[in-house]
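I opened my notebook for a first walk through this model. Come along and look things up with me.

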Amino acid sequence: MRNQGFNWHDPILWAQGLGVSVGVFAASMILGSLIGIFIALCRVYKVPVVAPLLLVISEFLKNSPVLVQLFLVFFGVPVLLQVNITPAEAAIFTLTGNTAAFIAVIAISAMDALDRGQLEAARSFGHSERSILRKIIAPQALVVAMPALIGLAVNQLQVTSLISAIGVIDLTKVGQILNQRTWQPFIVWAIIGVTYFVLSRVLAMAGGRIENRLRRHMDWAGL
Amino acid sequence: MNFSAIIGYLGMFWDGFLVTASVSALSIAGSFIIGVIVAFGAVSRRPAVRRLARGYIGLFRNIPFIVQVFFFYFGLPEIGIYIDAFTTGTMALSIAVGAYAADVLRAGIENVDTGVIEAAEVSGLSRLKIYRRIILPIALRVSLRPLGSVFINLVLTTSILSTITLNELTGNAKIVASDTFRPFEVYFFLLLFYCVLTYLLSLLINLWHRHLNRFMRGAE
C-alpha cells in the first residue's frame with residue numbers, strides 16, 4: 001500500500017472538517033435558540049394545545065439518543081414522506097430540534113427566576129406586553145441563563161460529532177478517513193480530540209466574557 | 001406508517017436490549033467508582049493531586065465521546081491490546097462518564113459541613129473510613145439527583161457504541177431497519193423504547209433518593 005503517510009492534503013481536509021463542524025454547530029445553535037425561545041414563550045403564556053404538544057415533543061427529544069434521532073430523520077423521514085434529504089440538512093434539522101428543547105427549558109427557568117414585582121410595576125406603568133418582554137424580561141433573563149447556555153453550547157458542540165454517523169464530512173468523519181488511510185489512530189484521534197478540546201475551551205471562555213460583560217450592567221452603581 | 005413489520009423482529013430488540021442493559025449497568029458501576037476516586041482527588045489537600053483530578057474532568061468532558069471511543073477502539077490493538085467492542089465500550093464509557101460523575105460528586109463533597117469531618121477526625125476514624133462512611137453518604141444525599149441525570153445520559157450514550165460494531169439496541173435496530181425497509185417505524189419505536197428505559201431509570205433514582213434522605217424529614 002502506498003499513500004499511507006500524512007501529506008499536505010491532510011491539513012486542508014482537517015480545516016474543511018473543522019469548518020463543517022463549526023458551521024453545523026452555529027446554524028443549529030442560532031435556529032435552535034429562536035425556536036427554543038418561541039417554545040418557552042408558548043409555555044409561559046400557556047397557549048392552549050400548542051404548549052402541551054411542545055412539552056411532549058421536547059421531553060421526547062431530551063430523553064432519547066441524538067444518534068437515533070439522526071437516523072430517524074436521515075433514514076426514516078425520506079422513506080416515509082418520499083422526499084430527498086441530504087446528510088447536512090438532516091444534521092442541522094435534528095440538532096436544531098434538540099437544541100431548541102434544551103433552550104426552552106433554560107429560558108423558562110430563567111424567566112421564572114425574575115422578580116414578579118417588576119412585571120406588575122411595568123404593567124401598571126402602561127408598558128405593552130411586547131415592550132415588557134423586550135426591555136425588562138429579556139435582558140435580565142439572559143444574564144440568569146448565561147451559565148446554563150454556556151454549558152449547553154459546549155455540550156452541543158460535542159453532539160455535532162455524531163453527524164459523522166450519517167455521512168456528514170465533519171471533523172470526526174475526517175478523523176475516520178485519515179485513520180483508515182494512515183492507520184495511525186493515536187496521532188489522528190489525538191489531533192481530532194485536541195481540536196474539539198480547544199474549541200470547547202474557546203467557547204467556554206468567550207461565553208464567560210460575555211457573561212461578565214452582561215453582569216456589569218446588572219450591578220447598580222449606586223447614587 | 002405500519003408497525004406490524006417490526007413484530008417479527010421483537011426478539012432482536014430484546015437481544016439488543018440485553019446488551020444495552022449490561023453495558024449500562026457495568027459502566028454505571030465503573031463510572032461511579034472512577035467518579036468517587038476522581039472527586040476525592042479534586043478536593044484533595046495536595047495541589048498536584050487536585051490539579052490532576054481537575055485535569056481529568058476537564059479533558060474527558062470537552063472531547064466528544066465518539067472521538068474517545070474511536071481512540072480506544074482503533075488505538076488499543078496498535079499497542080497489542082486486543083479486546084472486543086463490548087469491553088472497549090464499557091471501559092470508554094466508564095472513563096468518560098466518570099468525569100461527569102466526579103464533577104457532580106465534587107460539588108456534593110464540597111457541600112458537606114466541615115464540622116462533621118472534623119468531628120470524625122477527632123473521633124480517631126481512619127482517613128479511608130471518613131471518606132467511605134461519613135463524607136460519601138452525606139455527599140450522595142445532595143448529589144444523587146444530578147448523578148441520576150448523568151447516568152440517564154450514560155444509557156443514551158450507549159447508542160454511540162453501535163459505531164464500533166457493538167450490536168446493542170441501536171446496532172440491532174439498524175439491522176432490522178435494513179431488513180424490513182421500514183426505517184421510520186423502526187427508529188421511532190427505538191426512540192420510544194429509550195424514553196421508557198430512561199423514565200424507569202429516573203423512577204429508580206427517585207426511590208433511591210428518598211431512601212437516602214429518609215432521616216431528613218422536613219428537608220425535602
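I began with surface area: chain B exposes about 11,000 Å², and carbon and sulfur atoms supply 65% of that. A reminder to myself: this is a predicted model.

Next I checked the extent of chain B. Its C-alpha trace spans about 70 × 50 × 25 Å along the principal axes.

How many of the 220 residues of chain B count as buried? I found that 48% of them do.

I then listed the secondary structure of chain B and got 9 helices and 0 strands. Read from the N terminus, the elements run α-α-α-α-α-α-α-α-α.

I also looked at contacts in chain B with a separation of 6 or more. Residues 24 or more positions apart make up 77% of them.

**What the UniProt record says**

I looked up the annotations, which come from an unreviewed entry. UniProt places "domain: ABC transmembrane type-1" on residues 17–205 of chain B. In the model, that span is 83% helix and 0% strand, and its end C-alpha atoms lie 20 Å apart.

Chain A has an annotation of this name too, listed by UniProt for residues 18–207. I noted 83% helix and 0% strand for residues 18–207 of chain A, with 20 Å between the end C-alpha atoms.

The record also lists "transmembrane region" for chain B, at residues 17–43, 55–75, 81–102, 142–166 and 186–208. I checked two of these stretches in the model. Residues 17–43 of chain B are 96% helix and 0% strand, with end C-alpha atoms 38 Å apart. Residues 55–75 of chain B are 86% helix and 0% strand, and there the end C-alpha atoms are 22 Å apart.

**Inside: the nonpolar cores**

Which residues have the most contacts inside the largest nonpolar core? That core has 95 residues, and my list reads Leu162(A), Ile166(A), Phe13(B), Phe65(B), Leu161(B), Tyr187(B) and Leu190(B). Helix 7 of chain B (residues 127–157) gives the most to this core, with 13 residues.

Leaving out residues up to four places away in sequence, Leu190(B) touches Val68(A), Phe13(B), Leu169(B), Thr170(B) and Ala173(B).

There is also a second, separate core of 20 residues, which includes Met29(A), Ile132(A), Ala145(A) and Leu152(A).

Is Thr96(A) buried or exposed? I found Thr96(A) in helix 4 (residues 87–112) of chain A. Its relative accessible area is 6%, and buried means under 20%, so Thr96(A) is buried. Beyond residues up to four places away in sequence, Thr96(A) touches Ser28(A), Leu31(A), Gly32(A) and Ile35(A).

Then I turned to Val49(A), in the loop between helix 1 (9–44) and helix 2 (50–62) of chain A. Val49(A) has a relative accessible area of 66%, so it counts as exposed. On the surface, Val49(A) belongs to a nonpolar patch with Val44(A), Tyr45(A), Val47(A) and Val50(A), and together they have about 390 Å² of accessible area.

**Salt bridges**

Arg181(A) pairs with Asp10(A), with 3.1 Å between the closest N and O atoms. Arg181(A) is in helix 7 (residues 171–182) of chain A and Asp10(A) in helix 1, so this pair ties together parts that are 171 residues apart in sequence. Asp10(A) is buried at 6% relative accessibility, while Arg181(A) is partly exposed at 24%.

Glu59(A) and Lys62(A) form another salt bridge, at 3.0 Å from N to O. Both lie in helix 2 of chain A, 3 residues apart, which is about one turn of the helix. Glu59(A) is partly exposed at 35% relative accessible area, and Lys62(A) is partly exposed at 22%.

Arg45(B) sits in the loop between helix 2 (10–42) and helix 3 (47–61), and Glu121(B) in helix 6 (residues 114–122), so the pair links parts of chain B that are 76 residues apart. Arg45(B) is exposed at 64% relative accessible area, whereas Glu121(B) is partly exposed at 36%.

Last entry: Arg54(B), Arg61(B), Asp103(B), Arg106(B) and Glu110(B) are joined into one network by salt bridges that share partners.

Methods. Residues are numbered from 1 along each chain as its sequence is written. Chains are lettered from A and ligands numbered from 1 in the order in which they are written. This is a predicted model: local features need pLDDT of at least 70, side-chain atom pairs count only at pLDDT 80 or more; totals for chains, interfaces and linings use all residues. Side-chain values use heavy atoms; hydrogens and water are left out. UniProt positions are given in the numbering used here, feature names are shortened, and annotations may be inferred rather than shown by experiment. Helices (H or I, at least four residues) and strands (E, at least two) are DSSP runs, numbered from the N terminus. Patches are made of residues with over 30% relative accessible area and no salt bridge: like charges are joined within 9 Å, nonpolar side chains (Val, Leu, Ile, Met, Phe, Trp, Tyr) within 5 Å. Accessible areas come from the Shrake-Rupley method with a 1.4 Å probe; for residues, only the protein chains shown count as cover. A salt bridge is a side-chain nitrogen of Lys or Arg within 4 Å of a carboxyl oxygen of Asp or Glu. Buried means under 20% relative accessible area, exposed over 50%, partly exposed in between (1.4 Å probe, protein chains only). Contact means heavy atoms within 4.5 Å. A nonpolar core is a set of buried Ala, Val, Leu, Ile, Met, Phe, Trp, Tyr and Cys residues joined through side-chain atoms within 4.5 Å.
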